[in-house]
Amino acid sequence: MAPRTLRDPSSSHTIGFSSSTLFDPTSSPQQPPSSPPAATSTTSATPNSLDLHCLPPIFVIPAHLDSDAQDEVEEELAASHAPLTYSVHEARLFVGLVRSKKRAALELRTRGLWTEEVVREDKSVQEEVKEKVSRGREGGSEPPRKRVKVDGGVAKEDVETASETEVETASEASETESESAPSDHVPAESTIEPSKGNAEAQYAVDGSSVQLQPHPKSPAEDPPGALQFQDHLRVISLDWLRDSLKAGRVMSVGKYVVYECRAIEKPTAPQRQQTLIPRQQIQKVIPARKAQIAAQHPQSQRQQQPSSSQQILDRARADAGEGPRVNQRYHPRRTGLALDVKKPRSQLLQQTTTPEDASPTNADSGPLPPPPDWVAQHVKYACERSTPADTPNAAFVEQLKRIRLARELRDDDIGVRAYSTSIAAVAAYPHEIRAAREVLRLPGCSEKIATLWREFSGSEDGTVAEAREVDDDETLRTLRLFYNIWGVGAKAARHFSLDKGWKDLDDAVEFGWGQLSRVQQIGVKFYDEFAERIPRSETEHIVQVVREHARRVCPVDPDGIEILIVGGYRRGAETSGDVDVIVSHRKLDATMNLVEDIVAALEQSGYITHTLTLSLQGTSRGQATLPFRSSNGAGLGFDTLDKALVVWQDPEWPGKASAAETNAKNPNIHRRVDIIVSPWRTVGCAALGWSGGTTFQRDVRRYAQAVKGWKFDSSGIRDRRTGKVVDLEGPDGVGRGEGIVDAEKKVFEGLGLVYREPWERCTG
DNA sequence: TAGACAGCGCATGGTC
DNA sequence: GACCATGCGC
DNA sequence: GTCTA
């Protein structure tokens with residue numbers, strides 16, 4: 001082993017590398033090498049015997065090296081008199097824990113160095129090694145390792161019960177990882193060619209400028225290899241340094257080359273096709289699994305529903321393509337709208353209150369369609385208007401949503417909220433927008449949104465630059481990858497991507513498994529499965545199973561169990577990201593502890609494989625302010641809106657019977673299911689609170705606060721001033737003959753709102 | 001021009 | 001262990 | 001980013 005081993009190799013997150021690399025790659029706070037390593041250091045070294053002064057400028061790629069490990073590498077290099085550099089543009093040689101061409105290129109690119117691969121004609125040995133190194137990482141026909149690893153974990157998970165709360169251990173991941181690890185590493189020492197003993201064998205320094213040249217003394221040693229092309233850059237494995245130190249002499253770099261390239265200019269305009277890249281990235285992670293899923297779930301295909309977000313995006317993009325062409329007719333001549341928006345706004349508002357609004361008010365723009373009442377009256381809460389899913393401005397909404405996503409990824413809460421408001425307004429607008437003035441009339445839409453609309457309407461393809469960033473910007477693409485893990489929000493995504501330098505899920509598994517929370521580990525394991533959309537028929541089936549189990553655990557009055565599917569399904573979506581279902585019962589005591597019982601029963605039958613969170617005392621906080629009235633013999637009469645967020649898998653599959661012998665595992669896809677149990681008394685609030693969309697719900701709360709002075713949440717309503725419960729559904733909920741939806745209608749009514757059908761709540 | 005922007009429970013990690 | 005702040009999902 | 005006190 002190396003002269004000095006760094007960290008405790010048994011550290012829980014030395015996954016995959018601990019036995020094969022010198023430098024511990026565990027955590028990697030990415031500190032760009034802003035300052036050179038100390039010339040001397042207490043930990044550094046025994047001066048080693050290597051002489052690397054003739055090497056070209058070397059850059060140490062910090063990825064996956066924590067600052068200590070990075071320092072150590074640099075110290076070793078410095079001790080060997082290697083010409084370390086901290087400028088990627090100056091460097092000719094790059095060393096690091098990088099094992100694929102693609103990744104190597106990415107590492108350089110993210111530091112501002114764009115490259116293209118150089119394929120050498122004589123690549124017998126080198127290519128072989130490179131290919132070996134990168135095998136399994138690169139796309140190719142081989143399934144990506146990540147999926148293999150993750151599946152390995154899944155296999156183990158399959159026997160877990162939902163009640164297990166134990167954190168899935170890093171050691172488990174480690175085991176799993178080790179199965180595939182060996183193929184990732186450069187050849188063992190035995191395969192290494194005898195060293196030429198001196199760096200000069202491969203490199204020479206050309207006078208003052210450090211340029212690469214084939215060394216005259218050894219033209220044949222690293223054949224075409226070495227340096228016929230002086231502009232070549234090489235990314236080599238850190239193992240080269242390890243092996244050289246180990247051998248006490250400089251090993252030929254040839255076999256350690258991961259990526260050979262030359263610098264190119266930064267591409268100016270990102271190609272439009274890059275829109276597809278995120279999906280490709282995902283596919284890269286899951287192709288095999290995806291195909292498997294498709295095969296197992298023919299119903300998804302049968303319904304011809306978009307089975308992926310990309311398809312939806314594609315569809316939206318197609319829509320977007322049409323938008324501008326239409327709109328352009330109305331914008332042959334535009335004025336500097338942004339400049340005159342402020343003043344005209346109030347004028348417009350006044351005008352919109354009169355029927356004459358439909359007449360031309362501006363010689364420059366022509367007539368606008370008569371605004372809907374909510375626009376004319378500047379109604380600002382989404383719950384006060386109808387927002388159907390199909391908007392004539394879908395393409396523009398799509399662009400706004402992308403910008404919002406970018407704000408989410410940038411951890412800009414306020415921006416997210418602002419765009420959500422605008423999106424909800426645009427989505428509710430019943431006409432195709434033809435003039436920026438129309439945008440300005442909408443609540444929550446002002447100069448910025450109007451400007452975006454102008455860009456949108458004037459563009460060839462119905463896109464705006466800010467929205468394209470989500471797909472084009474590499475940082476955002478990586479952030480999105482992590483952000484899409486269940487349990488990972490903006491903070492964690494940024495932490496993983498920016499602080500730790502992880503670039504893909506492989507990195508999270510290899511380098512950070514032990515740093516993931518329990519639910520994040522689950523989120524990674526089922527990353528691709530959770531991304532799959534759930535068709536309505538499957539939602540219905542799942543809910544049917546929930547219903548049966550609820551009845552089973554409610555022996556006193558099983559027929560009293562009432563169910564409402566909420567979430568996207570209730571809003572009419574063809575597919576959903578998860579299944580949300582409200583379970584209730586007219587008898588208060590029947591809903592007490594019902595979630596736990598249902599979950600336990602579903603675990604028992606094998607439907608629930610994991611419990612992400614279990615909320616058992618929704619409104620215990622409310623007890624203090626809750627009058628002890630409706631005690632009904634049910635003890636304290638709490639409002640309990642209990643919920644379970646679980647991972648679901650149908651335990652039945654064809655061939656299960658013989659599975660024991662064949663060791664086959666359940667091929668059914670894992671789904672996210674939310675089971676909400678509400679007491680009857682507040683089931684209307686629950687229905688309203690869980691039927692979304694997000695902005696609709698948020699605006700119900702804002703409305704309740706601003707207009708009524710109430711605090712609304714899905715487990716009830718309270719008066720902000722007195723703290724007293726506001727009972728809109730009656731002391732015991734709606735009566736005989738009325739159901740959950742009737743209760744919901746009473747809540748609307750009590751709030752002073754016109755009832756909105758669920759499909760009118762598609763606020764985006 | 002400054003402050004608000006939904007509001008909850010759970011998980012996690014830090015402090016005392 | 002109690003308490004608090006933060007992150008997260010809904 | 002928008003609205004409002």
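**Aromatic rings, and on to the DNA**

Modeller: Happy to! F482, F496 and W502 form one aromatic cluster. Before going further, please keep in mind that this model is predicted, with pLDDT of at least 70 needed for local features and 80 or more for side-chain atom pairs, while totals for chains, interfaces and linings use all residues. Numbering runs from 1 along each chain as its sequence is written, chains are lettered from A and ligands numbered from 1 in written order, and side-chain values rest on heavy atoms, without hydrogens and water.

Rings of Phe, Tyr and Trp (its six-membered ring) pair if their centres lie within 6.5 Å; planes under 30 degrees apart are stacked, over 60 edge-to-face, and the rest tilted. Counted this way, there are 10 aromatic pairs. One of them joins Y607 and W648, with ring centres 5.1 Å apart and 40 degrees between the planes, so it is tilted. This pair links distant parts of the chain: Y607 belongs to the loop between α26 (594-604) and β10 (608-615), whereas W648 is in strand β11 (residues 642-648), 41 residues apart. The helices (H or I, at least four residues) and strands (E, at least two) are DSSP runs, numbered from the N terminus. Y607 counts as buried because its relative accessible area is 13%, and W648 is buried too, at 3%; buried means under 20%, exposed over 50%, and partly exposed in between, with a 1.4 Å probe and protein chains only.

The charged end of R536 is placed over the ring of Y569, 3.8 Å from its centre. K745 lies over the face of Y755, with 5.1 Å to the ring centre. The rule asks for Lys NZ or Arg CZ within 6 Å of the centre and within 35 degrees of the ring normal.

Now for the DNA. DNA strand D is surrounded by 13 residues, of which I414, A418, G444, S446 and K448 are the closest; near means a heavy atom within 4 Å. Helices α14 (413-428) and α16 (447-458) each give at least two residues to this surface. For S446, a polar backbone atom is 2.8 Å from a phosphate oxygen, and for I449 a backbone N or O atom is 3.3 Å from one. The cut-off for a polar contact is 3.5 Å between N or O atoms.

Key: Polar contact = N/O pair within 3.5 Å; in protein donor to acceptor, adjacent residues only side chain to side chain.
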